[in-house]
Amino acid sequence: MTRPVYVTQPYLPPLDEFLPYLQTIWDNGILTNGGPFHQQFERALCEYLDVEHLALFANGTLALVTALQALRITGEVITTPYSFAATAHSLHWNGIKPVFVDICPETLNLDPAKIEAAITPQTTAIMPVHCYGRPCDVDAIERLADNYNLRVIYDAAHAFGVRTERGSILRHGDLSVLSFHATKVFNTFEGGAIVCPDAKTKQRIDHLKNFGFVDEVTVVAPGINGKMSEVNAAFGMLQLRHIDKALARRREIDERYRELLCDVPGIQCLDKRPATFSNHAYFPILVSGPYPLSRDALYQLFREHGIYARRYFYPLISDFPMYRGLPSAGRSNLPVAADAASRVLCLPIFPALGDHDIERIARIIADCQ
Ligand SMILES: *Cc1c(COP(=O)(O)O)cnc(C)c1O
């Protein structure tokens with residue numbers, strides 16, 4: 001029996017490299033509340049990601065919830081149903097009504113051409129997702145936001161390190177939110193961040209993630225506890241030393257899958273992007289007509305071989321019981337998203353995945369011909 005292969009495996013550097021960081025924390029006795037590693041990690045991330053300001057969080061979901069509060073978003077927010085639950089849940093936690101808009105068949109990101117029809121007098125913002133770490137049409141979204149005076153908060157949970165010819169993808173919109181969860185490209189066990197363009201917004205976010213405290217006796221907002229601990233920040237500093245190597249290996253795996261799968265009838269890979277335009281966080285395939293198995297049958301076949309591919313993103317968020325009653329959640333409003341959700345399968349991709357496993361996975365797909 002070969003060992004199971006999961007869709008992802010968290011990147012962990014050798015343990016002995018982490019021990020000196022822990023020793024430092026033990027020596028100075030500062031465990032959280034914006035300690036030295038927290039400050040160091042914020043500066044190092046700004047530099048690595050090429051952004052102006054960044055506020056660390058205990059996880060990406062608290063960062064999304066806080067991003068909406070920082071901009072005082074209310075009413076209705078336009079978003080994608082083709083994402084992880086936290087995208088819409090962050091709106092729900094703020095008493096905001098999500099309005100689902102369909103996605104583009106090529107990018108699987110929010111379709112800018114369909115946004116305008118969903119705007120009402122209650123609309124205050126757009127929350128797109130750079131799905132699988134592949135950039136949204138940021139220019140079209142920005143034009144709409146400018147025309148209708150809407151704010152844009154990117155759920156950039158998948159987009160760590162993604163750059164286009166114009167620099168970091170995290171520089172677009174009013175705010176971008178990252179996740180450093182164990183399953184993501186860059187992890188701090190649990191963690192997240194808000195990227196923002198100016199110091200004043202960063203300060204408001206810092207207050208909101210610390211109960212609204214400005215100083216010992218002044219509380220300016222009903223803030224949450226969203227702080228990242230020193231252990232997580234220290235681990236992030238160590239991960240930064242390994243991230244380029246990890247991203248390079250992901251790129252190789254992506255290329256190998258494409259070589260092995262591009263000629264299989266009914267198996268479609270998403271368009272290849274220039275090297276930095278994707279961080280190869282995921283390797284989705286779309287299963288269609290000519291392929292002899294349904295997506296779910298292929299998913300099951302993989303499981304029988306000990307390979308745990310995942311159906312990201314099925315079911316759609318708009319099909320969850322707390323959202324499916326919304327007018328925008330209807331199937332007829334979201335045909336492209338519904339089709340993608342029924343055909344997508346994300347194959348294992350992570351730095352430790354060996355060539356032998358890639359070939360075994362591709363053979364399982366191809367041998368069904
Ligand atoms: C992982 C993820 C989140 C939530 O991040 P956590 O750090 O797990 O709270 C939000 N949005 C998307 C699209 C995600 O994939």
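Predicted model: local features only at pLDDT ≥ 70, side-chain atom pairs only at ≥ 80, totals over all residues.
**Contacts, ligand site and backbone features**

Leaving aside neighbours within four places in sequence, L31 touches I25, S229, E230 and V231. L31 counts as exposed because its relative accessibility is 55%, and the cut-off for exposed residues is over 50%.

The ligand sits in the largest pocket, where 15 residues surround it, the closest being T61, D155, H158, S179 and K184. Two helices, α3 (60-70) and α4 (86-93), each supply at least two residues of this shell, and α3 gives the largest share, with 3 residues. Several polar atoms face the ligand. A polar side-chain atom of D155 is found 2.7 Å from a nitrogen atom of the ligand. On the oxygen side, a polar backbone atom of G60 is 2.8 Å from a ligand oxygen, while a polar side-chain atom of K184 lies 3.2 Å from an oxygen atom of the ligand. Taken alone, the ligand exposes 380 Å², and the protein buries 92% of that area.

H130 is placed in the loop between β5 (123-127) and α5 (138-148). With a relative accessibility of 1%, H130 counts as buried, because the cut-off for buried residues is under 20%.

Most residues other than glycine have a negative phi, and most peptide bonds are trans. Y132, although not a glycine, has a positive phi of about 60°. Y132 lies in the loop between β5 and α5 and is buried, with a relative accessible area of 1%. F211 is another non-glycine residue with a positive phi, here about 65°. F211 is found between α6 (199-208) and β11 (213-215), in the loop there, and counts as partly exposed at 37% relative accessibility.

Cis peptide bonds complete the picture. The bond from Y312 to F313 is cis, with omega near 15°, and F313 is located in the loop between β15 (307-308) and α10 (335-343). Y314 and P315 are likewise joined by a cis peptide bond, with omega about -5°; P315 has its place in the loop between β15 and α10.

Definitions and conventions: Residues numbered from 1 in each chain as written. Heavy atoms only, no water. Buried < 20%, exposed > 50% of the residue type's maximum accessible area, 1.4 Å probe, protein only. Contact = heavy atoms within 4.5 Å. Near = heavy atom within 4 Å. Polar contact = N/O pair within 3.5 Å; in protein donor to acceptor, adjacent residues only side chain to side chain. Areas by Shrake-Rupley, 256 points an atom, 1.4 Å probe, with all protein chains shown as cover. 1 Å grid on protein atoms, 1.4 Å probe; cavity = no way out; pocket = protein on both sides within 12 Å on 5 of 7 lines; lining within 4 Å. Sits in = over half its atoms within 2 Å of the grid points. Helix = DSSP H or I, 4+ residues; strand = E, 2+ residues; numbered from the N terminus.
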